[in-house]
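Please look at the sequence and the 3D structure shown below, and keep both in view while you read.

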Amino acid sequence: MPSLTFLGAAGTVTGSKHLLDLDGHRILIDCGLFQGLKELRERNWQPLPFPASSIEAVILTHAHLDHCGYLPRLVMQGFRGRVFCTPGTRDLCSLVLPDSANLQEEQARDANKHHYTKHKPALPLYTSEDAAHALTLLQPVGYRRPMPIAPGVEVEFIDAGHLLGSAYARVKLAGGKTILFGGDLGRYNRPVLHDPSPVEAADVLLVESTYGDRTH
């Protein structure tokens, strides 16, 4: 029986991580950092409720840090699978993840230099090396091209119009059931970006709490 576990973006709008478990095949949809208040940022240091090495694949809806920024940390903890995303998301991740790692390292250096931390020494959440390793795992897939990612599971990316490369991830399970992971939703009639593409149908629609109380 498939199950979904919400590890972020529920009760808050950052840290997007949704675990899809299909008879022991674990797929993580989005892999984001918690951002904002200290009590949220501290969640980034908490251990996952399962080994990172047990995840077979990651699906990224887009390259904003609250959806992809935990990926180097996941790699640091032992994830070795592939990360499926659009080519645009891959390109933006190549900028966003190294920059995030540099900030993590800079903050750790400053904390050690100025002694404003109880940790001795303060360590970065992840390093530039972890970010570089994460980038090697990205597997770009074009829009509207169904791709098998695990036994009995395929993903199809549909343009969400949120930023370059952003997508809804439609996951099709063996037997024909579909789950649509919304990521972040784009708006219509914006310069540069495409309008969000219509989605014909899904058995389950998952959107974040940001969009739960409004027509968007």
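The questions and answers that follow go through parts of this predicted model step by step.

Q: Is L7 buried or exposed?
A: In this predicted model, L7 lies in the loop between strand 1 (3-6) and strand 2 (18-22). A residue counts as buried when its relative accessible area is under 20%. The relative accessibility of L7 is 19%, and therefore L7 counts as buried.

Q: Which residues is L7 in contact with, leaving aside its neighbours within four places in sequence?
A: Contact here means that heavy atoms come within 4.5 Å, and neighbours of L7 within four places in sequence are left aside. On that basis, the residues in contact with L7 are G15, K17, L19, L28, F34, P49 and F50.

Q: How far apart in space are L7 and L33, C-alpha to C-alpha?
A: Along the sequence, L7 and L33 are 26 residues apart. The separation in space is taken from C-alpha to C-alpha, and for L7 and L33 it is 11 Å.

Q: Which strands are the edge strands of the open sheet of 6 strands?
A: The 6 strands form an open sheet with mixed pairing, in the order 1-2-3-4-5-6. An edge strand of this sheet pairs on one side only, and the edge strands are strand 1 and strand 6.

Q: Which residue in strand 2 stands opposite F6?
A: Strand 1 and strand 2 run antiparallel, and 4 bridges join them. Within strand 2, the residue that stands opposite F6 is H18.

Q: What angle does the direction of helix 4 make with that of strand 6?
A: Helix 4 packs on the sheet, where it touches strand 5 (82-85) and strand 6. Angles between the N-to-C directions run from 0 to 180 degrees, and the direction of helix 4 makes with that of strand 6 an angle of about 145°.

Q: Why do the buried residues of helix 5 line one face of the helix?
A: The buried residues of helix 5 (residues 128-135) are D130, A131 and A134. An α-helix has 3.6 residues a turn, so residues three or four places apart point the same way. Seen down the axis of helix 5, its buried residues line one face because they fall within an arc of 100°.

Q: Which elements do the buried residues of helix 5 pack against?
A: The residues of helix 5 that count as buried are D130, A131 and A134. The elements that these buried residues pack against are helix 3 (71-76), helix 4 (87-114) and strand 6 (138-140).

Q: Is H67 buried or exposed?
A: The place of H67 is in helix 2 (residues 65-68). Residues up to four places away in sequence not being counted, H67 touches S16, D30, C31, G32, L60, T61, H62, G183, D184 and E208. Since the relative accessibility of H67 is 0% and the cut-off is under 20%, H67 counts as buried.

Q: How far from the ring centre of Y70 is K17?
A: For a charge to sit over a ring, NZ of Lys or CZ of Arg has to be within 6 Å of the ring centre. K17 lies over the face of Y70, and its distance from the ring centre is 4.6 Å.

Q: Which residue in strand 8 stands opposite A150?
A: An open sheet of 5 strands has the order 7-8-9-10-11, and its edge strands are strand 7 (147-150) and strand 11 (204-206). Strand 7 pairs with strand 8 (residues 153-159) in the antiparallel sense over 3 bridges. In strand 8, the residue that stands opposite A150 is V153.

How values were computed:
Residues numbered from 1 in each chain as written. Predicted model: local features only at pLDDT ≥ 70, side-chain atom pairs only at ≥ 80, totals over all residues. Heavy atoms only, no water. Helix = DSSP H or I, 4+ residues; strand = E, 2+ residues; numbered from the N terminus. Buried < 20%, exposed > 50% of the residue type's maximum accessible area, 1.4 Å probe, protein only. Arc of directions from axis to C-beta. Pairing = 2+ DSSP bridges. Lys NZ or Arg CZ within 6 Å of the ring centre and 35° of its normal.
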